[in-house]
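Q: Please take a close look at one part of this structure. I would like to follow a single aromatic pair and its surroundings.

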Amino acid sequence: MKIEIWSDVMCPFCYIGKKNFEQALETLPFKDEVKVEWKSFQLDPTLEQSETKTTAEYFREKKGFPEEQAKQMTNQVIQMGKASGIDFNFEKALITNTFTAHKLLHLAKKHNKSNEMEEELFKAHFLDGKNVGDIDTLISLAVSLGIDAEKAKKSLQSEEFDYEINQDILEARNNGISGVPFFILNGKYSVSGAQPAEVLKNALTQTYEETVVPFKDNTQNNLSCDADGCSI
């Protein structure tokens with residue numbers, strides 16, 4: 001069963017959604033049959049590649065929120081994060097353009113490590129206060145997951161994954177996705193936002209029972225023919 005997840009590195013609800021999804025998946029008997037594909041999304045592509053802002057600066061300059069309102073909002077997210085096992089550190093988090101970070105995610109996908117890289121990027125941004133738009137920082141994350149530093153540097157400094165990233169963003173637009181996280185479950189159902197683990201568990205179970213189990217049942221009798229004859 002395929003689960004597609006649109007996400008952006010600087011989205012705290014995406015991190016919460018990831019943790020809740022993993023918690024839900026761990027309780028399911030068919031968890032080993034689930035394949036997760038992370039998709040790129042940019043909440044603010046207008047940020048300059050070399051630009052960094054604190055969370056307070058970003059809310060004030062880009063969203064027009066006064067400092068007290070911004071602090072109130074981040075405190076609410078901090079409490080939600082704790083419930084999902086995340087210790088958000090918004091005072092250290094640096095807001096920046098995430099396009100290059102998405103390149104690293106697509107590189108990690110080639111190495112079957114996209115889930116691990118998603119986690120490392122979230123931790124770097126929200127916990128460690130690292131600049132996830134900085135190439136040296138991203139290379140170090142690649143190396144930590146066993147990806148060659150020179151290959152990572154080449155991918156990050158080139159347009160190797162630009163098409164894939166833009167296709168993900170276009171696909172999101174075509175699916176009417178305007179916010180993240182956004183989950184598409186085996187091409188049939190969708191779940192929007194950082195839903196509780198129980199909600200995700202129920203959605204995954206329903207999707208599995210409706211889209212996977214019927215096909216399993218149909219193959220049990222194995223009534224088929226091939227070049228060697230028919231089996232009954």
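A: Start with Phe 126. This residue is buried, at 2% relative accessibility. Buried means under 20% relative accessible area, exposed means over 50%, and partly exposed lies in between (1.4 Å probe, protein chains only). The model is predicted, so local features need pLDDT of at least 70, side-chain atom pairs count only at pLDDT 80 or more, and totals for chains, interfaces and linings use all residues. Residues are numbered from 1 along each chain as its sequence is written, and side-chain values use heavy atoms, with hydrogens and water left out.

Now the partner. A search of the whole structure finds ten aromatic pairs. One of them joins Phe 90 and Phe 126 edge-to-face, at 6.0 Å centre to centre and 75° between the planes. Phe 90 sits in the loop between helix 3 (67–83) and strand 4 (94–96), while Phe 126 belongs to helix 5 (residues 114–127), so the pair ties together parts 36 residues apart in sequence. Rings of Phe, Tyr and Trp (its six-membered ring) pair if their centres lie within 6.5 Å; planes under 30 degrees apart count as stacked, over 60 as edge-to-face and the rest as tilted. Helices (H or I, at least four residues) and strands (E, at least two) are DSSP runs, numbered from the N terminus.

Phe 90 is buried too, with a relative accessible area of 12%. Ring pairs also bring in Tyr 15, Phe 88 and Phe 122, which form a cluster with Phe 90 and Phe 126.

Finally, the setting. The chain has ten helices and eight strands. Of its 232 residues, 45% count as buried.
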